[in-house]
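Subject: Handover of a structure

Hello,

Here is the structure I promised to pass on. Please open it before reading my notes.

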Amino acid sequence: MLKQKQGKTPDDQIKTITEEKPVSPHKGKLTGARRILRWRYILPAILLFLILVGVYGYFTYKTVLTHVNSGVDHIQAAVNAVKNDQASLNLATLDSLTEQLSAAQSDFHQARDAAGPVSLVLPLVGWLPGPAYDLSQLPGFLEIAEKTSQSGVLVLQGARPALAPFDKDAPAADTSGSGPAGATASGKLTRAAQVLAQSDAQTKFSQAAGLLEDVANRRAGLDASKLQLSQTKKALAQLDEQLPALRDGLQLARDLPPLLPAVLGTTKPVTYLTLIENSDELRATGGFISAVGLLTLDNGKMAISNFSDSYQVDNPSVKPELPPIPLVRYMQATYFLVRDANWWPDFPTSAKKIAELYQLHQGRSVDNVLALDSRTVAYLFEALGPLDLPSYNE
């Protein structure tokens, strides 16, 4: 129904309607053709974009992989140097380890930079099947690798000055007994304790601890059950195995220096019942107690005495104690002696019992108990130099 417009007659309205432009019957076909023509340009553009993304992703993958492999090689070189039985505990070895870890840190940092914008997209593909979850966690793995390497560098840098007094190849600082060349064996440990307690070393240890805390938080965000690739599974398993020990060791490096004066007998002589444990024959605290002796520290000066085979510690005139029930049940043991007293995995518990049995059989009380394996003994002899054995004239 048409509404009359004011001022116009019905004839004028009819004329206006008839003069309107008629709609072309081909208008719909032309619109469809334009859409087809538009998609003929859009589809190639999309395809070209995807190709460029694929090429960029491929070259990014190759660059990241190159840096990661280089970083892993540097880490492995550092590990091999530590495991090498011929490695010397000196500044040269420490510097070599620092160099390897610094190179690894740089490689992992470059890998993170090379990943660039891809790192922002990777977390979105974790829901896909196959190794997609491993790929989505690549930024986290790279951050863990970089920060772990960096923490190792900081620890080595903080510990390096403490090792200088023990390095025979270090340049002479003075001849007063405080420098590397002038220091005597009695002052080396005290000097090392003083260096570790200094603010520079403690600052580096604190920075390393912060990095390891970041690593632990990153690790908490990884779901090991979703990993598919053997490489990522192995890397995560190694991290889970080593991270607690690294954090505990670093905490010890931060807590121990204030205690070292008392440990080294700076205020008064302190005697340690020293256990040599053979790890080839495992026991709860690390190995069978093959030898026992006394180590006395008096203001950093070391004196070793009463070392003997662990069997010779037993006093036949002393009535032996009954062993723990499991030793009786499974080992048919009928008495409890020093050589078997490291029964408890909790070292303070075993140490307390060992000290009690030593005093019972030898009539000598001790201040503390110290356990060493054969490799630690070798390091000590290398660091402190030869010991005089008057009984053997050597």
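Below are my notes on the fold, the charged pairs, the aromatic pairs and the surface.

First, the ground rules. This is a predicted model, with local features needing pLDDT of at least 70 and side-chain atom pairs counting only at pLDDT 80 or more, while totals for chains, interfaces and linings use all residues. Residues are numbered from 1 along each chain as its sequence is written, and side-chain values use heavy atoms, with hydrogens and water left out.

Overall picture

The chain has 13 helices and four strands. These are DSSP runs, numbered from the N terminus: helices are H or I with at least four residues, strands are E with at least two. Of the 394 residues, 32% count as buried. Buried means under 20% relative accessible area, exposed over 50%, and partly exposed in between (1.4 Å probe, protein chains only). The accessible surface of the chain is about 25100 Å². Carbon and sulfur atoms own 59% of that surface. Areas come from the Shrake-Rupley method with a 1.4 Å probe, and for residues only the protein chains shown count as cover.

On contacts (heavy atoms within 4.5 Å): take those between residues at least 6 apart in sequence, and 63% of them join residues at least 24 apart.

Charged pairs

Side chains of opposite charge can pair when their charged atoms come close. The structure holds 12 salt bridges. The criterion is a side-chain nitrogen of Lys or Arg within 4 Å of a carboxyl oxygen of Asp or Glu.

One of them joins lysine 147 to glutamate 143, at 3.0 Å from N to O. Both residues sit in helix H6 (residues 138–163). They are four residues apart, about one turn of the helix.

Another joins glutamate 321 to lysine 353, at 2.8 Å from N to O. Glutamate 321 is in the loop between strand E3 (301–309) and helix H11 (325–331), and lysine 353 is in helix H12 (residues 347–362), so this pair ties together parts 32 residues apart in sequence. Glutamate 321 is partly exposed, at 28% relative accessibility. Lysine 353 is buried, at 17%.

Lysine 353 also forms a salt bridge with glutamate 356, where the closest N and O atoms are 3.6 Å apart. These two are three residues apart in helix H12, about one helical turn. Glutamate 356 is partly exposed, with 36% relative accessibility. Elsewhere, salt bridges with shared partners join Glu143, Lys147, Asp214 and Arg218 into one network.

Aspartate 314

Aspartate 314 lies in the loop between E3 and H11. Its side chain makes a polar contact with the side chain of arginine 339, at 2.4 Å. A polar contact is a pair of N or O atoms within 3.5 Å; within protein, one must be able to donate a hydrogen and the other to accept it, and residues adjacent in sequence count only if both atoms are side-chain atoms. What else does aspartate 314 touch, leaving aside its neighbours within four places in sequence? Its contacts there are Leu337, Val338, Arg339 and His361.

Aromatic pairs

There are two aromatic pairs. Rings of Phe, Tyr and Trp (its six-membered ring) pair if their centres lie within 6.5 Å; planes under 30 degrees apart count as stacked, over 60 as edge-to-face, and the rest as tilted.

Phenylalanine 288 and tyrosine 311 have ring centres 6.4 Å apart and planes at 45°, so this pair is tilted. It links distant parts of the chain: phenylalanine 288 is in strand E2 (residues 288–298) and tyrosine 311 in the loop between E3 and H11, 23 residues apart. Phenylalanine 288 is buried at 9%. Tyrosine 311 is partly exposed at 48%.

Phenylalanine 336 and tryptophan 344 have ring centres 6.1 Å apart and planes at 85°, so this pair is edge-to-face. Phenylalanine 336 is buried at 1%. Tryptophan 344 is partly exposed at 28%.

Surface

Ile304, Phe307, Phe381, Leu387, Leu389 and Tyr392 form a nonpolar surface patch, with about 610 Å² of accessible area together. Patches are made of residues with over 30% relative accessible area and no salt bridge; like charges are joined within 9 Å, nonpolar side chains (Val, Leu, Ile, Met, Phe, Trp, Tyr) within 5 Å. Isoleucine 304 is in strand E3. It is partly exposed, at 43% relative accessible area.

Best regards
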